[in-house]
Amino acid sequence: MPNRHSPDVVIIGAGVVGAACAYYAARAGLSVTVVDRGPVAGGTTGAGEGNLLVSDKEAGPELDLALLSTRLWRELATELPPETEYEPKGGLVVAPDETTLKALRTFAEGQRAAGVDAREIAPDDLPALEPHLAAGFAGGFHYPQDAQVQPAQAAARLLHASGAATRLGEEVTALLTGPDGTVRGVRTTRGEIAARAVVNAAGTWGGRIAELAGVRLPVLPRRGFVLVTEPLPRLVRHKVYAADYIADVASDSAALQSSAVVEGTPGGPVLIGATRERVGFDRSLSTEALRRLAGQAAALFPVLGEVRALRTYHGFRPYLPDHLPAVGPDPRAPGLFHACGHEGAGIGLAPATGLLLADVLTGARPALDLAPFRPERFGDGTTSHAANGAGA
Amino acid sequence: MAPSSDPRPARTAAPAPGDGTGAVASAADLAVVGAGPAGLAAAVTAADLGLRVTLLDAGDRPGGQYYRHPAPELGAERPEALHHGWAAFASRARRLRDHERAGRIRHLAGHHVWTVVRKDEDAAGEWHLHALAGPEEQAVTVRARAVLLATGAYERQLPFPGWTLPGVVGAGGAQAMLKAGLVLPGRRVVVAGSGPLLLAVAGSLAAAGAAVPAVVEAASYTGYAGRLPALLRNPAKLAEGAVYGGALVRHGIRLLTRHAVVEAHGTDRVEAATVARLDRDWRPVPGTARRIPCDALAVGHGLVPQLELATGLGCATRTTADGTAALVLDEQQRTSVTGIWSAGETGGIGGAQLALAEGELAARSIAGRPLPAELVRRRSRLRAFADAMGAAHRPGTGWTGWLSDDTDVCRCEEVPAGLIREAVADLGATDARTVKLLTRAGMGWCQGRMCGQAVAALAGCAPGPDRRPLSCPVPLKVLAELPADGGTAP
């Protein structure tokens, strides 16, 4: 089966996570082929805002992943072309009242212990950071480590820099297995690719790849809408959001949640995102989502009320029941590795995921403990969370 | 629904709770979006059949892009002189006024519908049409039990070096300037592109006093030969062609077929156009270029159906003979989404006569009436003719050969062809959406209406249907003041 043309690794998915896996695997000396049924960044990556956030993550395994990624993105920014639009602009989380501020303070203390730079900002000092911010906030926290990239560019440039062979517009229809059942490559709509290892970086559609191997990985879509304004002079300097965003991110509710994260872009438009709701792969426009995003953005920056939205788009975050990604080998299907389920943080968490996975693939000791991200942690049963999995 | 059943929307609309957005209290039987030939015909027919109709249109007066009026202050005495079939419009405009007076049609002029959403509060289903009204962009929500999308089309542009120079206008735009403002784009106007509109534009410009040194048509009219049956079944269309052809002869205008403008020259304004011969695939043939002095250039490659409201609702699309995406419609003019009908250019570019027929058929279907056989035959005949024309004028794949790497393809975001080519060749952009994400082509004010077809061609894929969840820019305060529906998740 494998011959001299076979790559060491086949990565399924040309989103930012697949691209980062390709980049770090290639850097570790492996030969890589990336397969995707669509173009580069054609799934959730292309619908993302490019958030590299530590501010919204409580102390724990995801924050550790985010902090590692923060360091890696800083390195990547010097290695990738400027089109990647890496901006270490920092985040600003504001609290509408004293109660929220107190909660935010506790939250930030935990983060600090994990290595996050979180600085409390008194109400009077908020305008210095954001001159157009509405008055009346009880205070806030400044997170200098928060940053931003242009997500599609980030994926495309990482993939390009990896030197990996790419097979786009080619859908994986089956996994190849050796005599002992070990995964040994993929079959696509255009042929077979043999390889020592297969990486599932199929994002929101990662559950289907797992199914091809006969294992369960309950990735579910969590829809989000983003509003994009007309091009504006720089009105918003940081990633700015109200503290209730953090509660939304961690929520288990299926219902629509929204708290606008507002940020400027080098191109001029302000991005306002994003709602969170579990409605399967429903692509219809939710005017309720737009109403809330617009209202909340204008509450943070009143000047935005007079501004026009030029477009809106939506994406489907790959969400696992415990809000942590699946990263590492799948003991139930030797030869298969997972790198998916990053929910709304895939752009930010991609480099760390790629680095850790490259470590695993080459037998090196991973820089972080992968136990919390074990793909088999949800078991093989047909338990509760499958209920909402329209199309997952 | 079969024509024999009675699918008429129930007339027992419950009064709506006031939502503070200027909406009327009860749902209309039918909302028609667009007051061009299709929408106008549909609205008056539906009102004739007893339906209560709300007609929304972005323009100040009915007629759409086709039946354009000179601004009243110009005091034009015979607007019909520039129009074919003005009588068909005038009679329907009269019926519209009668129905408005009788309260059967509510005509909301100057209303731009930016999205249509389904509200499932009752079993019959109801649609909410969100619009911006007037220059103040006031929020208006219209409720209706059925919707007819007659949103028409916009002009297909294929860029070329120099196309952003002042003096280069759309062929349809030149026609519109003439009809609405009685203004000429220049004194010496080269008309170029592809499609029957070019002949009409050249004739109108010449009649209004401009010199037209050439009509430069990229297709070869011999391409019609294989489709003669469709042409012969449409004597009126042939006569129309003869009128245009006659006008060209009368004004001494040269018709250059299988040629294209491959570059416009000038500094502050267009001063000349370079014209070259094209091969079968529309690739410019080396050594055939020549310069034609001019002070204006009217260019267009036919029309593209305007579909964003329909695709936003999930209506299925197909690729038509002219290479554009259009809605899939059944013989009742129904889209694939129950409760949404469409008529006119949205179902495939076909012209005003077809739009009038389809509008009337759609209205009859919505009212649950049988479709008159004669009208159905007329529709098939005109549709076959449109397909034949569309196939003859479909752009060849080689046209991108006249784009230099520094030609701006997306004018709003100033994205040159070279950047798009790089995204395709080096960065894995195999479709127009990814090109947009990687280059910003199509992200500006026009949201890809101008460059969408060109970007798709450079990406090597068929142009997809319009996808713009917001059909026009919407102020955030309008969005923020939308009626709350307290969460949308099941």
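## Before we start

In this predicted model, local features need pLDDT of at least 70 and side-chain atom pairs count only at pLDDT 80 or more, while totals for chains, interfaces and linings use all residues. Residues are numbered from 1 along each chain as its sequence is written, chains are lettered from A and ligands numbered from 1 in the order in which they are written, and side-chain values use heavy atoms, with hydrogens and water left out.

## Where the two chains meet

Let's begin with the contact between the chains. Chain A brings 47 residues to it and chain B brings 42 residues, where contact means heavy atoms within 4.5 Å. The size of an interface is often given as the accessible area lost when the parts come together. Here the buried area is about 3500 Å², and carbon and sulfur atoms give 60% of it; buried area is the accessible area (1.4 Å probe) that two parts lose on being put together, summed over both. Of the area that chain A buries against chain B, 18% comes from A:R291, A:L310 and A:R311, more than from any other three residues.

The interface of chain A and chain B holds 3 salt bridges, each a side-chain nitrogen of Lys or Arg within 4 Å of a carboxyl oxygen of Asp or Glu. In a salt bridge between A:R308 and B:E137, the N to O distance is 3.2 Å.

A:R308 also stands opposite B:P475 in β23(B). Strand β23 (residues 474–475) of chain B pairs with β17(A) in the antiparallel sense over 2 bridges. Strands (E, at least two residues) are DSSP runs, numbered from the N terminus, and two of them pair if DSSP finds at least two bridges between them.

## An enclosed strand in chain B

Now for strand β14 (residues 270–277) of chain B. Why is β14(B) largely enclosed by the rest of the structure? It is because 6 of its 8 residues are buried, meaning under 20% relative accessible area with a 1.4 Å probe, protein chains only.

Which strands pair with β14(B)? One is β13 (residues 259–266) of chain B, which runs antiparallel to β14(B) and is joined to it by 7 bridges. B:A260 stands opposite B:A276 in β14(B), and the two strands form a hairpin with 3 residues between them. Another is β15 (residues 290–293) of chain B, which pairs with β14(B) in the antiparallel sense over 4 bridges. In that pairing, B:T274 stands opposite B:R291 in β15(B).

Note on methods: Buried means under 20% relative accessible area, exposed over 50%, partly exposed in between (1.4 Å probe, protein chains only).
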